[in-house]
Amino acid sequence: MFELALEESAIEQVETDLDRYTQMLDESADFRRLVESPAFSAEDQLGAMKVLNERAGITGLAANFVGVLAQNRRLFTLPGVIRSFKRRAAEHRGEVTAHVTAAQALSEEQKSALKAALKERLGKDANLDLKVDPAILGGLVVKLGSQMIDTSLRTKLNMMKSRLKEAS
């Protein structure tokens, strides 16, 4: 799909449409069930996707590609297709994706500051894939490819615990 979008100069449009699918997956348990469940026939999935595409205003390459996935009973691969397309589009633009885990949701100001710090360190723009995990207690865990920067409070406390055990 990326190659077709590149040929048609439609990367941004396809990415916008894929973001709509991601939003629907995040917000609707029924849509997730339609995508993930093998109980629905190819015809049911295809029919439902046509209606959803119409309502969401998704047309063109993304709608056609998702239709092919539904016809071939591969709709369950949609989340992976979206991640892969977004990664390739970011690479095409010279961007990197930073997978960030925070103890609480980041404000817009914090997101901007993090993007600026990553750009300074990497020399490239960074897209943030944010996840909230209260278990890290505080700080951030940032993954860039195979590199990980862990400034979480949980990790610091575990390190202190280990040092105290060694000292006793």
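Predicted model: local features only at pLDDT ≥ 70, side-chain atom pairs only at ≥ 80, totals over all residues.
Stepping back to the whole sheet, we have an open arrangement of four strands in the order β2-β1-β3-β4, and the pairing within it is mixed. The edges are formed by β2, residues 126-132, and β4, residues 147-150, each of which pairs on one side only. On average, and ignoring direction, neighbouring strands of this sheet are turned by 20 degrees against each other. Helix α7, residues 108-122, packs on the sheet and touches β1, β2, β3 and β4, with its direction making about 130 degrees with that of β2.

How do α2 and α3 pack, in terms of angle and axis distance? Helix α2, residues 11-27, meets helix α3, residues 29-36, at an angle of about 110 degrees, and their axes are 5 Å apart. The two are therefore roughly perpendicular to each other. On the α2 side the contact is made by Y21, M24, L25, D26 and E27, while α3 contributes A29, F31, R32 and V35. Sorted by class, this contact has six nonpolar and three charged residues, and no polar ones.

Next, the aromatic residues, where the structure holds one pair. The ring centres of F2 and F85 are 5.6 Å apart and the planes stand at 65 degrees, which is over the 60 degree cut-off, so the pair is edge-to-face. Because F2 lies in helix α1, residues 2-7, and F85 in helix α6, residues 78-93, the pair ties together parts that are 83 residues apart in sequence. Both F2 and F85 are buried.

Most residues other than glycine have a negative phi. S9, however, has a positive phi of about 50 degrees although it is not a glycine. S9 lies in the loop between α1 and α2, and with a relative accessible area of 69% S9 is exposed. R73 also has a positive phi, near 55 degrees, and is likewise a residue other than glycine. R73 sits in the loop between α5, residues 60-71, and α6. Is R73 buried, partly exposed or exposed? At 35% relative accessibility, R73 counts as partly exposed.

Technical notes
Residues numbered from 1 in each chain as written. Heavy atoms only, no water. Axes fitted to C-alpha atoms, helices over the stretch in contact; angles between N-to-C directions. Parallel < 35°, antiparallel > 145°, perpendicular 65-115°, else oblique. Contact = heavy atoms within 4.5 Å. Nonpolar A, V, L, I, M, F, W, Y, C, P; charged D, E, K, R; others polar. Pairing = 2+ DSSP bridges. Phe/Tyr/Trp six-rings, centres within 6.5 Å; stacked < 30°, edge-to-face > 60°. Buried < 20%, exposed > 50% of the residue type's maximum accessible area, 1.4 Å probe, protein only.
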